[in-house]
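Welcome to my notebook. I opened this structure to look up a few things, and here are my entries in the order I made them.

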Amino acid sequence: MKRIFDPALLDFYLQKHEIPSLFDTPDLAFSLYQFEKGERLDTLNPEEYLSFLVDGSIEISANRADGTSYPIGYLEISIIISLSCFLV
């Protein structure tokens, strides 16, 4: 996982997907992250971050009782915009 410090690219994705319009709170802080193939997306703590997948592709997998994993879905997304928040 790599945080991308590019305000223009962050703004591009925020506007393209109209993410700020989903919230009533003005001036929310958003961050942009990029994952490499094979990296797990659960490294962003879901109790602290609300994430939007905005570009690329991901595979969704589940774990079996023996510890092996298997794919259960596929999405055309890989860049994540995160909003720091407390989810109730």
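Predicted model: local features only at pLDDT ≥ 70, side-chain atom pairs only at ≥ 80, totals over all residues.

Entry one. I began with Leu32, which is buried, with a relative accessible area of 1%. Leu32 is found in strand E2.

Entry two. I then checked how far Leu32 lies from Asp6. The two residues are 26 apart in sequence, and their C-alpha atoms are 8.1 Å apart in space.

Which residues make up the largest nonpolar core? I listed nine: Ile4, Leu10, Tyr13, Leu14, Ile19, Phe30, Leu32, Phe52 and Val54. Helix H1 (7-16), strand E2 (30-34) and strand E3 (49-55) each supply at least two residues of this core. H1 gives the largest share, with three residues.

Next I turned to the surface. Ile60, Tyr70 and Ile72 make a nonpolar patch there of about 260 Å². I looked up Ile72 on its own and placed it in strand E5, which covers residues 69-75. Is Ile72 buried or exposed? Its relative accessible area is 55%, so Ile72 counts as exposed, the cut-off being over 50%.

Last, I looked up the confidence. The average pLDDT of the chain is 77, and 77% of the residues score at least 70. Where in the chain is confidence lowest? I found that in strand E6 (residues 79-84), with a mean of 55.

Conventions
Residues numbered from 1 in each chain as written. Heavy atoms only, no water. Patch = residues over 30% accessible without salt bridge, like charges linked within 9 Å, V, L, I, M, F, W, Y side chains within 5 Å. Areas by Shrake-Rupley, 256 points an atom, 1.4 Å probe, with all protein chains shown as cover. Salt bridge = Lys/Arg side-chain N within 4 Å of Asp/Glu carboxyl O. Helix = DSSP H or I, 4+ residues; strand = E, 2+ residues; numbered from the N terminus. Buried < 20%, exposed > 50% of the residue type's maximum accessible area, 1.4 Å probe, protein only. Core = buried A, V, L, I, M, F, W, Y, C linked by side-chain atoms within 4.5 Å. pLDDT = per-residue confidence, 0-100.
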